[in-house]
Amino acid sequence: MYLPIGGDMAVRTETILGIFDMDNTTTSKHTRQFLQMAEQDGQVVSAAEDLPKAFILTSEYGMFRVYLTQFSASTLEKRLEALKPKKKA
């Protein structure tokens, strides 16, 4: 399945390692360094038309990708939960 992340882009749900809020996570120098190194390595893809509110870390075919999105982390998590198959009682 695919998670829509904005800008006519979607990521495969199986590849998602984490969804992170930009405001909360970029207060850490380690996160800022990680994002800076990912940008330098060409691993950052922007799906945000405005300032990004969250980023999604994925791993596919042995490569990491960071997707910047204008949607909040909570919105993305709700969309991801909605994609999961419902369990029958």
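**Close-up views of the predicted model**

**Figure 1. Strands β5 and β6 form an antiparallel pair joined by seven bridges.** Two strands are said to pair if DSSP finds at least two bridges between them. Helices (H or I, at least four residues) and strands (E, at least two) are DSSP runs, numbered from the N terminus. The model is predicted: local features require pLDDT of at least 70, and side-chain atom pairs count only at pLDDT 80 or more, whereas totals for chains, interfaces and linings use all residues. Residues are numbered from 1 along each chain as its sequence is written, and side-chain values use heavy atoms, with hydrogens and water left out.

**Figure 2. The largest nonpolar core comprises 12 residues.** A nonpolar core is a set of buried Ala, Val, Leu, Ile, Met, Phe, Trp, Tyr and Cys residues joined through side-chain atoms within 4.5 Å. The members are L3, I5, V11, I16, I19, A47, A54, I56, Y67, A73, L76 and L80. At least two residues come from each of β1 (2-6), β3 (16-21), β5 (54-60) and α3 (73-83), and α3, with three residues, makes the greatest contribution. A second, separate core has eight residues, among them M22, L35, V44 and L57. A47, a member of the largest core, is in contact (heavy atoms within 4.5 Å) with I5, G6, G7, M9 and L68, when its neighbours within four places in sequence are left aside.

**Figure 3. Helix α3 has buried residues and, on its other side, exposed ones.** The buried residues in the helix are A73, L76 and L80. Viewed down the axis of α3, they fall within an arc of 65° and therefore line one face of the helix; the arc is that of the directions from the helix axis to the C-beta atoms. The buried residues of α3 pack against β1, β3, β5 and β6 (63-69). K78 and A82, on the other side of α3, are exposed.

**Figure 4. Strands β1 and β2 run antiparallel and are joined by four bridges.** P4 has A10 of β2 as its bridge partner. The hairpin of β1 and β2 has two residues between the strands, and G7 takes a positive phi near 60° there. M9 belongs to β2 (residues 9-12) and is partly exposed, with a relative accessible area of 27%. Apart from neighbours within four places in sequence, M9 is in contact with L3, P4, V45, S46, A47 and Y67. M9 and Y67 are 58 residues apart along the chain, and their C-alpha atoms are separated by 9.6 Å.

**Figure 5. T15 occupies the loop between β2 and β3.** T15 is buried, at a relative accessible area of 5%. A polar atom of the T15 side chain lies 2.7 Å from the backbone oxygen of R12. Not counting residues up to four places away in sequence, T15 touches L57, T58, S59 and E60.

**Figure 6. Two salt bridges are found in a search of the whole structure.** A salt bridge is a side-chain nitrogen of Lys or Arg within 4 Å of a carboxyl oxygen of Asp or Glu. Side chains of opposite charge can pair when their charged atoms come close. E60 is partly exposed, with a relative accessible area of 27%, as is R12, at 33%. The other salt bridge is formed by K84 with E81, and the closest N and O atoms of this pair are 3.1 Å apart. K84 is partly exposed, with a relative accessible area of 45%, and E81 is partly exposed at 47%.

Key. Buried means under 20% relative accessible area, exposed over 50%, partly exposed in between (1.4 Å probe, protein chains only). A polar contact is a pair of N or O atoms within 3.5 Å; within protein, one must be able to donate a hydrogen and the other to accept it, and residues adjacent in sequence count only if both atoms are side-chain atoms.
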